[in-house]
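Keep the sequence at hand as you go.

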Amino acid sequence: MDNSILAEKIRAFLERNPCDLGAMEDLFGLCRSVDDQEFGHRLNKEVRRYNAEALRHGNRSQIQALLDLQKRSLLFDAPVELDSYLRYVEWDRDREKRFYLPRRKVLYPVVQTLQDLMDDKLDLATISMPPGTGKSTLGNRAGGVGAPADL
């Protein structure tokens, strides 16, 4: 069966059963097994969307398994997506020692700009923000996933 057809069947099932952990695992397994990496990473974003919905409304007994799937999903995208990388590296860090997650709402546009640089959508980007907002720290952490070191 074609991977896109299989993905559509799993999506249709998840639309009817949005908290089904088995179907989410199946979709995540498909993400990891396809040859087309771009397709796999697009599907993985859907896995995280279904997973987030299940975490909000799902069965309390499945929370740990859903969190585990969310963590594995972030790890899968981490080599190609800066936001996933930054979220993954802070997953097990103490709340008071986290840098990115508490500032994500403010720093996300900067992360997207850095992602565009890494994806060659931009040749140059300038970031102008007040001192102490985390630009340098973010640039240093982005350097770990292929960004230019002199951000």
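One definition comes before the tour. Asp, Glu, Lys and Arg count as charged. Ala, Val, Leu, Ile, Met, Phe, Trp, Tyr, Cys and Pro count as nonpolar, and the others, Gly among them, as polar.

Now the whole. The model is predicted. The protein has seven helices and zero strands. Read from the N terminus, its elements run α-α-α-α-α-α-α. Along the principal axes, the C-alpha atoms fill a box of roughly 50 × 35 × 20 Å. The protein has 151 residues, and 34% of them count as buried.

Go next to the largest pocket. Its volume is about 360 Å³. The lining comprises 18 residues. How do they divide by class? Two are nonpolar, four are polar and twelve are charged. His-41, Lys-45, Asp-77, Val-80 and Glu-81 lie nearest the centre of this pocket. Helix 3 (37–57), helix 5 (82–89) and helix 6 (100–118) each supply at least two residues of the lining. Helix 3 gives the most, with six residues.

Two of the residues nearest the centre of that pocket, Lys-45 and Asp-77, also form a salt bridge, with their closest N and O atoms 3.7 Å apart. The pair links distant parts of the chain: Lys-45 sits in helix 3, Asp-77 in helix 4, and 32 residues separate them. Is Asp-77 buried or exposed? Asp-77 counts as buried because its relative accessible area is 0%, and the cut-off for buried is under 20%. Lys-45 is partly exposed, at 39% relative accessibility. The contact does not stand alone. Lys-45, Arg-48, Asp-77 and Glu-81 are linked in a network of salt bridges.

Arg-48 leads on to the second largest pocket, where it is one of the lining residues. This pocket has a volume of about 300 Å³. Its lining also includes Leu-67, Gln-70, Leu-74, Arg-87, Trp-91, Arg-98, Leu-101 and Arg-104. By class, four of the lining residues are nonpolar, one is polar and four are charged.

The whole structure holds 14 of them. Another that links distant parts of the chain joins Lys-71 to Asp-92. Their closest N and O atoms are 2.7 Å apart. Lys-71 is in helix 4, while Asp-92 lies in the loop between helix 5 and helix 6, 21 residues away. Lys-71 is partly exposed at 21% relative accessibility. Asp-92 is exposed, at 61% relative accessible area.

Glu-53 and Arg-56 make a local contrast. Their salt bridge brings the closest N and O atoms to 3.0 Å. Both residues belong to helix 3, and because they are three residues apart, about one helical turn separates them. Glu-53 is partly exposed, at 29% relative accessibility. Arg-56 is exposed, at 56% relative accessible area.

Which residues make the nonpolar surface patch of about 300 Å²? They are Met-1, Ile-5 and Leu-6. Ile-5 belongs to helix 1 (residues 3–16). Ile-5 has a relative accessible area of 43%, so it counts as partly exposed.

Note on methods:
Residues numbered from 1 in each chain as written. Predicted model: local features only at pLDDT ≥ 70, side-chain atom pairs only at ≥ 80, totals over all residues. Heavy atoms only, no water. 1 Å grid on protein atoms, 1.4 Å probe; cavity = no way out; pocket = protein on both sides within 12 Å on 5 of 7 lines; lining within 4 Å. Points joined across faces, edges and corners; volume = space filled by probe spheres on them. Helix = DSSP H or I, 4+ residues; strand = E, 2+ residues; numbered from the N terminus. Patch = residues over 30% accessible without salt bridge, like charges linked within 9 Å, V, L, I, M, F, W, Y side chains within 5 Å. Areas by Shrake-Rupley, 256 points an atom, 1.4 Å probe, with all protein chains shown as cover. Salt bridge = Lys/Arg side-chain N within 4 Å of Asp/Glu carboxyl O. Buried < 20%, exposed > 50% of the residue type's maximum accessible area, 1.4 Å probe, protein only.
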